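Hi,

Here is the structure I promised to pass on to you. Have a look at it first, and then read on for what turned up.

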Amino acid sequence: DKEAFLINSATIDRLMLRLGYGVIGNQEIGDYPFTDMIGTGYNYPLGSIRSTGAVVTALGNSKVKWESSNQLNVGADLEMFGGKFVMSLDYFTKKTSDLLVKQPIASSSGSDGGGNNHFIWVNNGEVRNQGIELSLTYGGDIGNFRYSANANAATLSNKVIKVDAPIPGGTYGSDFVTLTEAGHPVGSFYLYEMEGIFQNSTDIFIHAFQNNDIQPGDVKYKDQNEDGNIDALDRTHMGSPIPKVTAGLNLNLSYKSWDLSVFFQGAYGQKIFSVVNRDIEGFYRSFNVTQRYFDEHWTGAGTSNTQPRASWDASGNNALIYSSRFLEDGSYTRLKYVQLGYSLPSAMLEKYGFGTMRIYLSGTNLATFTKYSGLDPEMTASNNALGQGDTALGMDWGTYPAAKSYNIGITVAF
């Protein structure tokens, strides 16, 4: 605001340019990953005698070290119209190298394939996050009416730059749901792509071969490599659990003794793999089906191209294959918070020795606008995937939803 080109500006009050760079480390993976762990109380057969001894319960890596993140920020802050309008804009790029990841090891090393001794922590790979953050604030007053609004949004592009070998994640049963590899986001969903439902025998005949048991009403998968067979080579990356855009809107209004605050929050562009829908709609577990499946499932040619026939025998093709059938758009907008308040007149309060008194009514998580069929799109990781970290984000095992609540309160000052 002291520069010659701004000193007499009628609109711009302040302009600041920012540039920042830094490196930070991370070692949040648990204690003692650099050394073998020994456990006691294990049985050994010595001839015909059972003896108690000790075993290696977790293998260490003496070369493991901190991962490091290099981040560059370029930004600008702008104030205009006597402080009524404020804008902050940032571009960031963050490169994390020597990533701390779990590396599976061969059973020939002495691992039993279970517990903590089937992997070691290693430094493997490089990930880049970059995006733009924008915040806009505008406020003012018209007589007794005062208002302010703040809107913010951020984009995020997550990409694995390099990794020694693809890292399967989101382990579910004997298979995996995500694959982290170069050129794709961390924890990218790696699935068969559902093309629709086989409507008749001709549809089955002209399509790539899936298996000998396919019947009309079964799920049809895309032949990604066009070799005429549906197999593991046809799995493909089908989206990320990481939102492409997050946003928020905060509104504050007041008129005389009344005040109102409203907060909206949302995330967009992320995918969710609905484990719970797979269990309920998959016909391999004895559960009641969802209303969606009941209304939309295939009962004959032309009746559905989204939900297969009701068959226990067909579950191996229709549900047990990890596919985009249970992958959904997790985008949402949520009315996160609303509060309405009233401040009692000071003249009335003075008679009773009060300075101020405000009565308010508030609500949390009042409404969610989303196409996601699960309980709550605002979910990330589940306790069912503990220890898998970012490779198991966006897997919904039936995560308990955010509670809707209403509150009434009084704030008093003497």
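Two residues are in contact here when they have heavy atoms within 4.5 Å of each other. With that in mind, and remembering that this is a predicted model, residues 24 or more positions apart account for 65% of the protein's contacts with a separation of 6 or more.

On the overall shape: a compact globule of 414 residues would have a radius of gyration near 22 Å, whereas this protein comes out at 29 Å. Along the principal axes, its C-alpha atoms fill a box of roughly 90 × 60 × 55 Å. Of the 414 residues, 36% count as buried.

The secondary structure consists of five helices and 24 strands. Strand β8 (residues 126–142) pairs with β9 (residues 145–155) in the antiparallel sense, over ten bridges. These two strands form a hairpin with two residues between them, and G143 in the turn has a positive phi of about 65°. Within this pairing, Y138 has A149 of β9 as its bridge partner.

Which strand is joined to β9 by eleven bridges? That is β17 (residues 245–255), and the two run antiparallel. Here S148 stands opposite N252 in β17.

Happy exploring, and write back with any questions!

Best wishes

Methods. Residues are numbered from 1 along each chain as its sequence is written. This is a predicted model: local features need pLDDT of at least 70, side-chain atom pairs count only at pLDDT 80 or more; totals for chains, interfaces and linings use all residues. Side-chain values use heavy atoms; hydrogens and water are left out. Helices (H or I, at least four residues) and strands (E, at least two) are DSSP runs, numbered from the N terminus. The radius of gyration is taken over C-alpha atoms; the globule rule is 2.2 Å times the number of residues to the power 0.38. Buried means under 20% relative accessible area, exposed over 50%, partly exposed in between (1.4 Å probe, protein chains only). Two strands pair if DSSP finds at least two bridges between them.
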